[in-house]
Amino acid sequence: MADDHGRHAPKVHVTPMWIYLTVFFALAVGTVLTVVASRFDLGMWNTPIALVIATIKAVLVILFFMHVIHSTRLTWVVVIASFLWLGVLFVLTFADYLTRLWKIY
Amino acid sequence: MSSLTLHDVRLAEPEGTRNYITNDYGALSWLLTKDHKRIAILYLFSITALFILGGFFAVAMRIELLTPEGDLLTSDTYNKFFTLHGIVMIFFFLIPSIPAVLGNFLLPLMLGAKDLAFPKINLLSWYLYMIAAVMGLYIIITGGVDTGWTFYTPFSTQYSNTHVFGVTFAAFIVGFSSILTGLNFLVTIHRMRAPGLTWYRLPLFVWAMYATSIVQLLATPVLAITLVMLMFERVVHVGIFDPALGGDPLLFQHMFWFYSHPAVYIMILPAMGVASEVVAAFTRKKIFGYAFVAYSSLAIAFLGFLVWAHHMFVSGISVYSAMIFSFLSYFVAVPSAIKVFNWTATLYRASVALMTPMLYILGFIGLFTIGGVTGLFLAAIGLDIHVTDTYFVVAHFHYVMVGGAVMAYMAGLHYWWPKITGRMYPEWWARLAALLIFAGFNLTFLPQFILGYLGMPRRYHAYAPEFQVLNVMSTAGASVLAAGYILPLIYLLWSLWFGRKAGPNPWGAVGLEWATSSPPPMENFHETPVVTWDAYDYPAMMKAMGETQNV
Amino acid sequence: MSEITLTGDTPVPHEEHHHPFLQHHFEDLGQQHEASTLGMWMFLSTEILFFGGVLCAYWVYRVLYPEAWAIGAAQQIWWLGAINTIVLIISSLTMALAVRNAQLGRRMGTVYMLIATLFFGSIFLGVKAYEYMKHWQEGLFPGAAFHWNEVPALAPKVQLFMTFYWSMTGLHALHMIIGAGLLLWFIWRAWAGHFGPEYYGPVEVMGLYWHFVDIVWIFLFPFLYLIHGAHHG
C-alpha cells in the first residue's frame, strides 16, 4: 500500500456528458420499473425484485455519479467494507429472529 | 534531497525556545487551538476529571457493599450509582482515554506529519465531548439515571422515572466525538505518512490506533441510531421495543450490543498498542512477530463485530443463534492471545528495564490474560447461564478494562510524559503507585470472581450474609487501588514544575516521536523526516550511538 | 541523557506558491484533495451504518408483521413518492454536472448547476412537507395523535410502521436540509471563483454527500411506498 506523496495538484478525471446522461436515463427507467413491478402480484418475488432494482440504481450512482469507478482502491475498500459491515448487522440479527420459532424437541 | 537517517533528523533548538506549550499564551489560544498536541492536553484534563467522578461512584458502591444490608444507599440511589459509574467510565473515560490523549498527541509525531488530517474537526471532537460531559453532569446533579449503562428496554423507555432522555442524548453526542476522532486518525494514517514510512515500518501503536479507528467509525453510528430510537420511544410511546404493542425488547439489545461489544475493543486495542511500544522500548528489541501483532489488531477489529449476542444468551434469543455467537466468540480470543505470545517472546531472554511503564505493562499482560480467559468461560453458553449477571462478569470486565486498559493508559502516560511535558516524573514514587495499583486491583477484583461463582448477583445494593467476607476484602482492595490512583495525580502535577527536565529521548527508544524535542515544537518537526529505517530498529540505533546510553 | 548527533546538510525547503486554500499542515493540494475525499467517504460509511441501523429494525418488523407493513405502505401517496424519486435523481445529475463544471474551470456553469441542484432538492422537500401535512391530518402520526383504526388488531403495528416512516424520512429530510444549506454556501463560493481544475475538491465532496442522500431515498422509496399488497383500492 505504498502511497505516492510526491503529487502536487489533484488529478482531474472529467467524466464525459454522455455517461452522466445515460446513467440518469437508467435511473429514471429503474424508478418506473420498480413502480410497475410493485403493482403486480409476483408472490414472494416482489420484495427481491424491488431490492435488486434499488441496488442496481444505487450501484450506478456510486460508480458513476460518485466516480468510484475510477477512484482509488482505498475508496473501493471503504465503500465495500461499509456495506459488508451493514450486512453483518442484518445477517446475525436475522439469525436470531428467523430461528426463534424452531423447536428443538 | 538527501535521505536522512534516524540520527540526521534535525531537532528543535535547545531548550528555552518555543515549543507547543510556550508558543502562545492565554485561555483562548488553548480553547481555540487546532494543534493536536494542545487538544490532547485538553482531553487529558477532561478525562482525568471524569475519571475522578466515575471513581467517586465506585467508592460509594464499595462502601455500601461492606455490609450485607442496603444501609448506606437506597436501592434506587444504588441503581443510579452503578449506572453513572458505568456511563462515566465507559463513555467519558475509557473510550476516549488512549485515543484522545495519547493518540491525538502521538499519531502525527509517529507519522512525521505536522498535524492530523482535519485539525478543526479534532477540536470539534473535544467540544462535542465537553458538551456531552456538561449535559451528563447536569443530569447527575438533577437526579441521575437508574437504568444501568446498558439502558435495557422497556424499563428505560417506559418505567424509569429518571433522566433517560437526557443521558441518552449526551451519549449520542459523545459518540460523534468518538466517530470524528476515528475518522481523523484513519485519514491521517492513510494520507499523511512521511516519505519512506511504509505500512510495515509503522510503530505497532499506529496499527493499533488504525484498528481502533475502524471500530469507532463503523460501530458507533449504530449506537447513535439505537439511542435515537430509544429517545423517540421514550417521548412517543409507540412500541418500538414494547411487547404490548408488538415491539421486541431484544431488538434494542441486538442493536445496542452491535456497538457495545466492539466498543470494548475500542478500549483494549489502543492499550495493546501501548503495550507493544513499551515492551519494545524497555527491552530495546523489535517486537517478536511484528506482522502478526499488526494483523492481529485488524483481526480483533473485524472479529469483534461478530460476537455481540454473547451478552444476550439468557435474554431470549434463539438457541441456534446463541450457539453461533458462542462459536464466534471463541475466535476473537485468538488474535489477542497471539499478541500476548508475541510480547512474551519479546521479553524472553531480553534485558528488561523495570521502569514504571514496563511495570504497568507487565501487570497489563498478566491481568489482561486473566480477564480474557474468563471471557472465554463466559462465551460457553452452559457456563454463562450460571454466572451471567453475577459478580463473575463484573470481575471479568474489570480485569480487562482496569487491569488491562487503564494500566496500559497509565503505562503510556508515564512513558510519553517526558515527551508531552518535557519533564521526568519521579521514578520511585511512580513505581510505588504502580505496585499499589496492581495489588489494590487484584485484592478488589479477584474475590469478585469467587463471589460471582458462588452466586452473588450484580447491581444489587444488598446481598446474602455469607458473601460479606469477600466483599470486605474487595472494598479493602478498592481503598488501596484508590490510593494508587491518587499518587500519580499528585506527583505528575508536581513534576510539571519540579520534575527533572527531559531531553528529546530519555528512554533511548526508536521512534519518530523521540527524534524531536521534548516538548515538541508547534509544527512537530522542522523539516519533514524521510524514513529509511525499520520499525524498532534498535540494532541500527544502538550501533550509531556506540551503545553509550545512559538514561 | 542520550543525544542524537546532527549530521549532514539541511535540505532547503522549497517554498511552493501558496494556493489560498491550501491548509498549512498538508504538503500540497493533491494531498489535501485526497485527504478530504477520503474523509468524506469515511463519513459516508458512518452514515451507511446509521441509516442501516434503522433499516435493520424496519426489516425485522417487516418480516414479523408483513400485513401491517403492506397496509402502512398503502397509506402513502405512491405517485408523489415516485415524482420525488425522479426529482432527486435529477438533482443528483445536476450535482454531478456541477462537479464536472468545477473540474473544467467553468465558474458560472458550476454556479448554475449548483442552483439547479438546490432547486430540485427544494422541490423534494416541498413535496415531503405536503405529504407530512396530509399524514398529520389523516391521523397517521404515531403517538397520541394516531387514529387509524380500520383493522383494530393491526393498529399498533401500523402505528409502528408509521414510526419507521416518519423517523426514516425525517432523518433523510434532515440530511437534505443540511445539504441545502451547504449548497447555498457552495453557490456563493463558486460564484466567488474559489473553484477550478486545481481546487475542485470541496465541490466533489459536496457531491458525494448529496449523492449519498439520493441513494438513501432510492431505498426508502420502495421500502415505504411500494410494498405489494398496498394497492387494493
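This is a predicted model: local features need pLDDT of at least 70, side-chain atom pairs count only at pLDDT 80 or more; totals for chains, interfaces and linings use all residues.
The largest nonpolar core comprises 284 residues, and the members with the most contacts inside it are B:Ala275, B:Ile361, B:Phe364 and B:Ala408. The element that gives the most to this core is helix 8 of chain B, spanning residues 249-283, with 24 residues.

Not counting residues up to four places away in sequence, B:Phe282 is in contact with B:Val352, B:Ala353, B:Met355, B:Pro357 and B:Met358.

Chain A contains 3 helices and 0 strands, giving the pattern α-α-α when read along the sequence. Of its 105 residues, 27% count as buried. The contact between the two chains takes 15 residues from chain A and 17 residues from chain B. On the chain B side, the elements that give two or more residues are helix 7 (204-235), helix 8 and helix 10 (319-347). Helix 10 of chain B gives the most to this side, with 4 residues. Sorted by class, the side of chain B that touches chain A has 12 nonpolar and 5 polar residues, with no charged residues.

Chain C supplies a helix pair that is worth a look. Helix 3 (residues 78-103) and helix 4 (residues 107-137) of chain C have axes that come within 8 Å and cross at roughly 160°. The two helices of chain C, helix 3 and helix 4, are therefore roughly antiparallel to each other, since angles over 145 degrees count as such. Helix 3 of chain C passes helix 4 of chain C in a left-handed crossing. The residues of this contact divide into 16 nonpolar, 8 polar and 2 charged.

Finally, several backbone features stand out in chain B. Most residues other than glycine have a negative phi, and most peptide bonds are trans. Against that background, a cis peptide bond joins B:Thr153 and B:Pro154, with omega about -5°; B:Pro154 sits in the loop between helix 4 (119-141) and helix 5 (155-159) of chain B. The bond from B:Ser518 to B:Pro519 is likewise cis, with omega near -10°, and B:Pro519 belongs to the loop between helix 15 (468-498) and helix 16 (538-545) of chain B. That loop between helix 15 and helix 16 of chain B also contains B:Tyr536, which has a positive phi of about 55° although it is not a glycine. B:Arg459, again not a glycine, has a positive phi of about 60° and is placed in the loop between helix 14 (427-454) and helix 15 of chain B. As for their surroundings, B:Tyr536 counts as buried, with 25 C-beta neighbours inside 10 Å, whereas B:Arg459 counts as partly exposed, with 15 C-beta neighbours inside 10 Å.

Definitions and conventions: Residues are numbered from 1 along each chain as its sequence is written. Chains are lettered from A and ligands numbered from 1 in the order in which they are written. A nonpolar core is a set of buried Ala, Val, Leu, Ile, Met, Phe, Trp, Tyr and Cys residues joined through C-beta atoms within 7 Å. A residue is buried if 20 or more other C-beta atoms lie within 10 Å of its own, exposed if 12 or fewer, and partly exposed in between; C-beta atoms are placed from the backbone. Two residues are in contact if their C-beta atoms, placed from the backbone, lie within 7 Å. Ala, Val, Leu, Ile, Met, Phe, Trp, Tyr, Cys and Pro count as nonpolar, Asp, Glu, Lys and Arg as charged, and the others, Gly among them, as polar. Axes are lines fitted to C-alpha atoms, for helices over the stretch in contact, and angles run from 0 to 180 degrees between N-to-C directions. Angles under 35 degrees count as roughly parallel, over 145 as roughly antiparallel, 65 to 115 as roughly perpendicular and the rest as oblique. A crossing is left-handed if the near helix is turned anticlockwise from the far one by less than a right angle, and right-handed if clockwise.
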